[in-house]
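Keep the structure open as you read.

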Amino acid sequence: MSFVLFRLEKNVNHHPQLLVLVRSHLQDRIVMLVDLDYFFAQAEETRNPSIRDKPVVVCVYSGRSEDSGAVSTANYAARKFGVRSGMPIGLAKQKLENADAVFLPVDDAFYEDISKRIMSFLRGYADSFEQVGIDEAYLDVSRRIKGSYEEAAELARRIKIEIVTSDGLTCSIGVGPNKIVAKIASDIHKPDGLTVVKPQQVTEFFSPLSVDRLIGVGVKTTEKMRALGINTIGDLAKHDVQRLIDVFGKKVGLYFHNASSGVDNDPVQERAEAESVSRISTLKEDTRELRLIIEKTDRQCKEIEAELKQGCLTFKTVTIIAIMKNMSVRSRSKSLENKTSSVDVLIKTVYELFEKFLEQSDLEIRRVGVKVSGFARDEKSQQQLTSFIEKD
DNA sequence: GTATGCTTTCGGC
DNA sequence: TTACGGCCGAAAGCATAC
């Protein structure tokens, strides 16, 4: 994206008026990030208000034993006890001993339903719209707000009221000149926050923040940066670009450099359809027995087939995923000669990949998964579906 | 030299 | 003291094909 911008500016350098036009169009944006607070847990609170004041922990149970699985989301009452997303359920239970906590299984269909309603009216407030995951969305409101941050804040307040009124949920909103600033702004006062960062405030706002506030900076990258003496976003902004590129690679290094100064030309736009579909699940026990693995993956293949059928999609590449006893992740993939939608081909390919994989490794396997990618529309089944709908 | 495929790693939600 | 989900995408390094 920044490459396109560079070429544009280079070409219009001979035409000063055009340059101003391009620049103002790209730079004077107002972007909003709306993030539904602790979404799954809050959704559960609306369904059963009596749990509102208790610690609520929404879990993905793996089914292996009573408490095996991980925490998906916890409300703030639970977070006060140190409960975090991704944490083992058993550990969360220990932290919440005698706290009168509520543990609930995830109910994806319920959350999806709420999300769809909210996203569809949010879309109506934006010049352009980009949903991220189930509970977040960017709104480019530049045109309808005409460059006024005061009006943007007013719109944000209206949106917050509308979400509370329609679905009883609070959200946190960040407003800024681009997606990165809006995202970090939304993060700063949670829950039920509203933070507006104007262009001239970006440097002051960013400098003292820890680098891990940036999207793309997780545990590993934070460690690497710490080793380079980079702790805050301000430190990152002062660091030599070439050094960042040497350490993190060209694309990521440049991204860190620009992001740290609050520079981001990434447009707000609807995301494309998914490029892969996968299923992964935990085995009853760790094993190296092909039969037990295939029992699980056969079901996964059938689920994947059903999902692809809805979009009339064929696939080209099959990947198997194995999470070993020690939690290390392994994968193997194969690209087929021809695109297909056949579940039999999928099942057979998965079998062969796992058979070969087992010969190459000697650790027991804990979780297994199947992924397909390289999609294309299957025109034949699309026509059948269309004529079926027309007849109806 | 370029395009594509395969595998791994990292990170977001 | 341990404990441990299920998705998704981006990118890099390497191998191979053309």
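Leaving aside neighbours within four places in sequence, which residues is Val102 in contact with? They are Ile51, Lys54, Pro55, Val56 and Val57. Contact here means heavy atoms within 4.5 Å.

This is a predicted model, where local features need pLDDT of at least 70, side-chain atom pairs count only at pLDDT 80 or more, and totals for chains, interfaces and linings use all residues. Residues are numbered from 1 along each chain as its sequence is written, chains are lettered from A and ligands numbered from 1 in the order in which they are written, and side-chain values use heavy atoms, with hydrogens and water left out.

Helices (H or I, at least four residues) and strands (E, at least two) are DSSP runs, numbered from the N terminus. Val102 has a relative accessible area of 15%, so it counts as buried. Buried means under 20% relative accessible area, exposed over 50%, and partly exposed in between (1.4 Å probe, protein chains only). Asp37 is 65 residues from Val102 along the chain, and their C-alpha atoms are separated by 18 Å.

Now look at Thr195, in strand S8 (residues 194-196). Why does Thr195 count as buried? Because its relative accessibility is 9%. Thr195 touches Ile173, Gly174, Val175, Ala185, Ile188 and His189, with residues up to four places away in sequence not counted.

**Domains and cores**

Chain A is divided into domain 1 (28-38 + 110-202), domain 2 (55-100) and domain 3 (276-385). These bounds come from an automatic or database domain assignment. The centres of domain 1 and domain 3, taken over C-alpha atoms, are 37 Å apart.

A nonpolar core is a set of buried Ala, Val, Leu, Ile, Met, Phe, Trp, Tyr and Cys residues joined through side-chain atoms within 4.5 Å. The largest one has 36 residues. Met32, Leu122, Leu139, Ile159 and Ile163 have the most contacts inside it. Several elements each supply at least two residues of this core, including strand S1 (31-36), helix H6 (108-123) and helix H8 (149-167). Beyond its neighbours within four places in sequence, Leu122 is in contact with Val34, Phe129, Ala137, Leu139, Ile159 and Ile163. A second, separate core has 26 residues, among them Leu290, Leu336, Val350 and Ile365.

Is helix H3 mostly covered or mostly uncovered? It is mostly covered, with 7 of its 9 residues buried. Those are Phe39, Phe40, Ala41, Gln42, Ala43, Glu44 and Glu45. The elements that cover them include S1, S2, S3, strand S4 (102-105) and H6.

**DNA strand C**

A residue is near a strand if one of its heavy atoms lies within 4 Å of it. There are 24 residues around DNA strand C, and Gln94, Lys251, Glu275, Ser276 and Ser278 come nearest. By class, the surface near DNA strand C has 8 nonpolar, 10 polar and 6 charged residues. Ala, Val, Leu, Ile, Met, Phe, Trp, Tyr, Cys and Pro count as nonpolar, Asp, Glu, Lys and Arg as charged, and the others, Gly among them, as polar. Strand S9 gives the most to this surface, with 7 residues.

**DNA strand B**

DNA strand B is surrounded by 17 residues, and the closest are Asp135, Thr221, Ser331, Ser333 and Ser335. Sugar or phosphate holds 98% of its atoms within 4 Å of the protein, and the rest belong to bases. The surface near DNA strand B has 4 nonpolar, 6 polar and 7 charged residues. S11 gives the most to that surface, with 6 residues.

| Residue and part | DNA strand | Distance |
|---|---|---|
| Ser62, side chain | DNA strand C, phosphate oxygen | 3.3 Å |
| Lys251, backbone | DNA strand C, phosphate oxygen | 3.5 Å |
| Glu275, backbone | DNA strand C, phosphate oxygen | 2.6 Å |
| Gly216, backbone | DNA strand B, phosphate oxygen | 3.1 Å |
| Ser331, backbone | DNA strand B, phosphate oxygen | 2.6 Å |

Asp135 meets another part of DNA strand B: a polar atom of its side chain lies 2.8 Å from a sugar or linking oxygen.

Notes: Polar contact = N/O pair within 3.5 Å; in protein donor to acceptor, adjacent residues only side chain to side chain.
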